[in-house]
Amino acid sequence: MKLSYKQITSITTGALWTKESADGIYFYKCTQKQIDAWTALAPALGDRAQTTTGVRLDFYTNSKTIGFAASEGKFELHINNLLRRQYLIGSEEYPKGEEIFCELCDPLGAPLEEARVTLYLPGHSNGRLQSVTLDDGAYIRAPEYDCKLLMIGDSITQGWNSEYDSFTYAHQLSRALNANSVIQGIGGAMYHETTLDKIPFDPDIVTIAYGTNDYGKFDSYQTLRLHVTRFLDGILDLYPNKKIFVISPIWRGKTKAPMGSFADCRSIIIEEAEKRGMIHIDGLSLVPPIPELFADKWLHPSALGFGFYGENVTREILSHLK
């Protein structure tokens, strides 16, 4: 049976809104106001604000198979929280728009009475779905989550250059907290108050991880501080009485910019966060400063680097939730 638009959206998490069109279902992690604000800063940022980073279908079913047809990008299927397969839609093996089927079984092929199925949509393109198919008569049931998590950040939060989108630190933290999460990771993004908006999602926890792009794009510490203060004040207005974590920039191998030292850039972010009672997580403690743990050797963690990031940031955040 092919799931209806209503059924698909009922098991979707990570999308603030969706749209059904003739060419498939569109999923959006940002509001239209946010998309417009990012576009005004740079068209490329507006494009990245429309990618399906963090969007996934997540449900329990007694179906023995799942099928789906999609537009493009890297889809990843987890069965009972275990990665089972990655599909590169648009490749020779998986052409665009053709339905793909996978058995819902254990790793040795034994059938399951019930499976938790999580289909991760692409983190770096707009992964439209044309169809989702389960066995006739199968049920679907959305999972219960323990909290709501909003993650705001740049390309590192988006998972830039990670071999597996579903193993970025943002997804690792989401799974560890059993969170219904929205991941607003946007490559090239920085602290900018115009991108704030009241979203149709009420998080218990908010994480903010900007700074490395600010270091290269802003011309002075004064400009940085201005946007950091305006943005963080805006966050407090939107999310009063919430747990707010500010993750300072992780290690980077290139630290020459007109602003000055990268250490001083980090210090401004830390100072402004702590001044407002936000919880600072030191990015330098998350990923070892070893170039081999970075896909580009200096900025974006590889899949292995994200393993360190996910484990360490989860431990830090859990220590503040007890």
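Let me begin with a term: a residue is called buried when its relative accessible area is under 20%, exposed when that area is over 50%, and partly exposed in between, with a 1.4 Å probe and protein chains only. Helices (H or I, at least four residues) and strands (E, at least two) are DSSP runs, numbered from the N terminus.

What we have here is a predicted model, in which local features need pLDDT of at least 70 and side-chain atom pairs count only at pLDDT 80 or more, while totals for chains, interfaces and linings use all residues. Residues are numbered from 1 along each chain as its sequence is written, and side-chain values use heavy atoms, with hydrogens and water left out.

Let me turn to helix H5, which covers residues 169-176 and has 6 of its 8 residues buried, so the helix is largely enclosed by the rest of the structure. The buried residues are Tyr169, Ala170, His171, Gln172, Leu173 and Ser174. Just after H5 comes Asn178, whose phi is positive, at about 50°.

In the loop between helix H4 (155-158) and H5 we find Asp165, which is buried at a relative accessible area of 6%. If we take contact to mean heavy atoms within 4.5 Å, and do not count residues up to four places away in sequence, Asp165 touches Lys74, Glu76, Pro122, Gly123, His124 and, from H5, His171.

Now to the sheet, where two strands are said to pair if DSSP finds at least two bridges between them. Here 5 strands form an open sheet with parallel pairing, in the order E13-E12-E14-E15-E16. Strand E13 (179-185) and strand E16 (279-281) stand at the edges with a single partner strand each, so one side of each is left without a neighbour in the sheet. From one strand to the next the twist averages 20°, where axes are lines fitted to C-alpha atoms, for helices over the stretch in contact, and angles run from 0 to 180 degrees between N-to-C directions.

Which strands does E12 pair with? Strand E12, residues 147-153, pairs with E13 in the parallel sense over 7 bridges, with Lys148 opposite Asn180 and Leu150 opposite Val182. E12 is also joined by 5 bridges to strand E14 (residues 205-209), again running parallel, and there Ile152 stands opposite Ile208. Of the 7 residues of E12, 6 are buried, so this strand is largely enclosed by the rest of the structure.
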